[in-house]
Amino acid sequence: MKQALLILLAFATRQVAAQTSWTMQQCIQYAVEHNHEVKRAELELDNYKAAKTGVIGRFLPSADAGIGAQYSFGRAIDPETNGYTDVSTFYNGYQISASLPVFDGFSRLHALKAAHASMLMGHHALRQKQDETALSVLQAFTNVAYYEGLVTMADEKLKEATLLLKQTQTLEEVGRKSAADVAQMESQEAEAEYELARQRNLLASALLELKKTMAFPMGDTLSLSVKNHGEWQHDPGLCIEPTTKALELNPELQAARYRVQTTKHEWHQARASLFPSLSVGVGMNTTYYKTLHSETAASFGNQFKNNMGEYVSFTLSIPLFNRLQTITNIRRKRNEHQMAHEAYEQTQLELEKLAREAWQDWQGFLKQAIQMEKKVEADSLAYLLTRRQFEEGLSTAIDLHTTSSQLLNSKATLLQCQLMAMVKEQLVRYYQGETIWTEQ
């Protein structure tokens, strides 16, 4: 009974979730949290953090401890007399040591700076992936809204074609319309049914693309809360072109900037290999030795204490020749730094171009939407007049079909202009430094 109630509760919960309508902001937020590209960027950022922790550890001393045991039989060297013996012996050694680099040409310092810059680069790369995902969801959501609008228009067109067919059949019965008019209206009804089926299929494809972008389960129902396209109004106070200062905060440009810093410190780290390195080490060791089957050997405690020794060491390493590997590495790191700088300038130029292009497109779609509104009004009036003339026998079914198709195309174009104006407005806001999604 309890298991049945749990199954029923889970089913009811899933049904309620399926019936919940998703807004565009909810879709964007879900995609940012579940998109696979974003997940990979998060793991890459964690790798950068781990790399920085590893570089910090290079500033700490390293410590080692070891224990060795050796059983000898046959001819061997007696460690007490340093002569040969053929008796079985047991040898046990203990050692502990620590070392610390004192100077390495500032290699560790540059490695730490490079790791820190890489971590910041990974942070902005993650933000870039999140923004790209949000923009992709925005475009996919807009496509769904567009095709939903076309489905609504096609459904209204089909209802209207069905009604006109019935009227034409009635007029044929009283002798005011011919069989050719009825056939023409039947053809228009079939065309409207075909267009409705086609738009529904395109809507289903657009919805699948939205689910893929969101990383939403394909088998689950995704019900969207799409606003009426007439409710999307532009902000008159936004009619300014994007500034260079706003673009400087763009995560893509920030990631490219930190990439330049990373390669710069990696280049300096490679040059540090030309300098000598100095390290200091300390340690202690002791041994225990016993000839097997001998009763005269000293005890373990006495040997462990008496054989103990300590040491302090200084090691100076001077690079002389390593088959030109250092020179080659320095040259490669320098080229990588210059390539990163070129990529940064290219990204800056590309972002400025995209920002200005988005602003121009936004202004263009706003103007097109205004003109298309006028065209829709004119086409609506022309269709109503043609329909009235058709009912009175003053126009043909072909004329009615022409004006109806023209009106439908005008409405579809108007919807497209309004939706694209909304998308471009969001792009303009994005390039001006505003966030598309809310960070949790």
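Visitor: Which residues line the largest cavity?

Guide: This is a predicted model. In the model, the lining of the largest cavity consists of Lys157, Glu160, Ala161, Leu164, Gln188, Tyr383, Leu400, His401 and Ser404. The space inside the largest cavity comes to about 60 Å³, and the structure has three cavities of 30 Å³ or more.

Visitor: What makes a residue part of the lining?

Guide: A lining residue has an atom within 4 Å of a point of the cavity. Helix 4 (107-173) and helix 10 each contribute at least two such residues. The greatest contribution, four residues, is that of helix 4. Sorted by class, the lining holds four nonpolar, three polar and two charged residues.

Visitor: How do you know what span to expect of helix 10, and what span does helix 10 have?

Guide: The expected span is 1.5 Å times one less than the number of residues. Helix 10 covers residues 397-431, which is 35 residues, and its expected span is 51 Å. From first C-alpha to last, helix 10 reaches 51 Å, close to that expectation. After helix 10 comes glycine 433, with a positive phi near 105°.

Visitor: Why is the contact of lysine 129 with glutamate 37 called a salt bridge?

Guide: The cut-off is a side-chain nitrogen of Lys or Arg within 4 Å of a carboxyl oxygen of Asp or Glu. For lysine 129 and glutamate 37 the distance from N to O is 3.8 Å, so the pair qualifies. Because lysine 129 belongs to helix 4 and glutamate 37 to helix 3 (residues 36-57), the pair ties together parts that are 92 residues apart in sequence.

Visitor: Why are lysine 129 and glutamate 37 called partly exposed?

Guide: Partly exposed residues lie between the 20% limit for buried and the 50% limit for exposed. Lysine 129 has 29% relative accessibility and glutamate 37 has 36%, so each is partly exposed.

Visitor: What separates the partners in the salt bridges of glutamate 195 with arginine 198 and of glutamate 352 with arginine 356?

Guide: Glutamate 195 and arginine 198 meet at 2.9 Å, N to O. They are three residues apart in helix 5 (residues 179-214), which means a separation of about one helical turn. Glutamate 352 and arginine 356 meet at 3.6 Å, N to O. They are four residues apart in helix 9 (residues 325-391), again about one helical turn. Elsewhere, salt bridges with shared partners join Glu37, Arg40, Lys129 and Glu132 into one network. The whole structure has 19 salt bridges.

Visitor: What makes a set of residues a nonpolar core, and how many residues has the largest one?

Guide: The members must be buried residues of nonpolar kinds, joined through side-chain atoms within 4.5 Å. The largest nonpolar core has 64 residues, and those with the most contacts inside it are Trp22, Ile28, Leu210, Met214, Leu224 and Tyr431. Among the helices that give two or more residues to this core are helix 2 (24-34), helix 7 (251-271) and helix 10. Helix 9 supplies the largest share, 14 residues.

Methods:
Residues are numbered from 1 along each chain as its sequence is written. This is a predicted model: local features need pLDDT of at least 70, side-chain atom pairs count only at pLDDT 80 or more; totals for chains, interfaces and linings use all residues. Side-chain values use heavy atoms; hydrogens and water are left out. On a 1 Å grid over the protein atoms alone, a cavity is a set of points where a 1.4 Å probe fits but cannot get out, and a pocket is an open set with protein on both sides within 12 Å along at least five of seven lines; lining residues have an atom within 4 Å of a point. Grid points are joined across faces, edges and corners, and a volume is the space filled by probe spheres set on the points. Ala, Val, Leu, Ile, Met, Phe, Trp, Tyr, Cys and Pro count as nonpolar, Asp, Glu, Lys and Arg as charged, and the others, Gly among them, as polar. Buried means under 20% relative accessible area, exposed over 50%, partly exposed in between (1.4 Å probe, protein chains only).
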